[in-house]
Amino acid sequence: MKRIPTNIITGFLGAGKTTSILSLLARKPEHEKWAILINEFGNVGVDGAILEQQGAIIKEVPGGCMCCVAGLPMSVGINALLAQKPDRLLLEPTGLGHPKEVIHKLTSESYRNYVDLRATITVVDPRHFADNVYTDNVNFQDQLALADVVVANKIDQCDDFDLYTFQTAMEKAEPKKALIAEVEHGRLELEWLDIERTDRQAQHSHHHHGHDQTEPLPELELAPGQQFIRKENHGQGYHSCGWFFAADQLFEFSKLFSLFSNLSANRIKAVVNTENGCFAFNVVNQVVSVNELSLEGFESRIEVIDNEILPWDELEKILCSITANTIAK
């Protein structure tokens, strides 16, 4: 088979990786078939449901950074996608992931005859470059170090100091990046995907965090009459809790929006059935973005990530209180 053009698209929590991939999918050549391997830190996959809206072939590797599951689960996902003979393959590691082992896997003897690995693209929020919560994080540092292309996203939300701090950091990058760009709303250009990859070195040795899977996680499946499943994960100083709700459970949109707006968490992602239809929620530092989806009969998924253990039981009670039964009353 021909070697499939492949890119890794990285970026820390909330930088806009999924939005960037959506932007690419919306403008890809109509005759091309794209495949995407999505990795999420939590055990309840959310991004896959959003990206499937654009007609891509999706496989998910949940439950930890992709490099920590770079054995069987990642290989199974890649092999399944390559078997579909796509015109392009994209890999989206979790925002807490380290791309070193992913690059190593894709350039190994097992894949070099099947995968044409091109530029690694790292999406960043320029506001993070003045915050040592990010700049001291080794994954953040190495996502930048291993990037061929660095894209400053959300520049419409940045001030001059944010952009200056970002540009100053990029001027110090060695070896130089193939491209440094500034965009709004994750608008990556298609031609950036075909920039050649350069061998680059991570600044840190990678150590596995959290659980090291050797088997794929089982598919989420509700038992008859079961309304939801809850799954938790932790590693790299972060904690996640996710809920998978039955398709017939409708949430009250206004109360869910209010809950997400007031919940102090680093990151919230959700695809939720409401009385007004299905919506994707994207929350970064209590700023909520909402997009309507044309999904039907879909199980709602909610994932919350923070560097502290939040009161998950209390949050679960609130979520259950604003589902269909409450609306009916």
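Strands, as the term is used here, are runs of at least two residues assigned E by DSSP and numbered from the N terminus. In the predicted model described below, isoleucine 36 belongs to one such run, strand S2. With a relative accessible area of 0%, isoleucine 36 is buried, because the cut-off for burial is under 20%. Apart from neighbours within four places in sequence, the contacts of isoleucine 36 include Ile21, Leu25, Leu51, Leu81 and Leu90. Isoleucine 36 also stands opposite leucine 90 in strand S4. Between the C-alpha atoms of isoleucine 36 and aspartate 313 there is a separation of 34 Å, the two residues being 277 positions apart along the chain.

Strand S4 (88-92) links S2 with strand S1. S2 and S4 run parallel and are joined by 5 bridges, while S1 and S4 are paired in the parallel sense over 3 bridges. Within the latter pair, asparagine 7 stands opposite leucine 90. Burial extends to both faces of S4: Arg88, Leu90 and Glu92 are buried on one side, and Leu89 and Leu91 on the other. Since 5 of the 5 residues of S4 are buried, the strand is largely enclosed by the rest of the structure.

Threonine 6 is located in S1 and counts as buried because its relative accessibility is 0%. Beyond its neighbours within four places in sequence, threonine 6 is in contact with several residues, among them Leu89 and Leu91. Helix H1 (residues 17-27) contributes the buried residues Lys17, Thr18, Ser20, Ile21, Ser23, Leu24 and Leu25. In an α-helix, residues three or four places apart point the same way, because there are 3.6 residues a turn. The buried residues of H1 pack against S1 (4-10), S2 (34-40), helix H2 (47-51), S4 (88-92) and strand S6 (121-124).

An open sheet is formed by 6 strands in the order S9-S10-S14-S11-S12-S13, with antiparallel pairing. Strands S9 (228-235) and S13 (287-293) stand at the edges; each has a single partner strand, and therefore one side of each lacks a neighbour in the sheet. From one strand to the next, the twist averages 15 degrees. The antiparallel strands S12 (residues 277-284) and S13 are joined by 7 bridges, and asparagine 291 in S13 is the bridge partner of alanine 280.

Two helices lie across strands of this sheet. Helix H8 (residues 253-262) lies across S11, S12, S13 and S14, at about 10 degrees to S12. Helix H9 (residues 312-321) lies across S9, S10 and S14, and runs at about 25 degrees to S10.

Definitions and conventions:
Residues numbered from 1 in each chain as written. Predicted model: local features only at pLDDT ≥ 70, side-chain atom pairs only at ≥ 80, totals over all residues. Heavy atoms only, no water. Buried < 20%, exposed > 50% of the residue type's maximum accessible area, 1.4 Å probe, protein only. Helix = DSSP H or I, 4+ residues; strand = E, 2+ residues; numbered from the N terminus. Contact = heavy atoms within 4.5 Å. Pairing = 2+ DSSP bridges. Axes fitted to C-alpha atoms, helices over the stretch in contact; angles between N-to-C directions.
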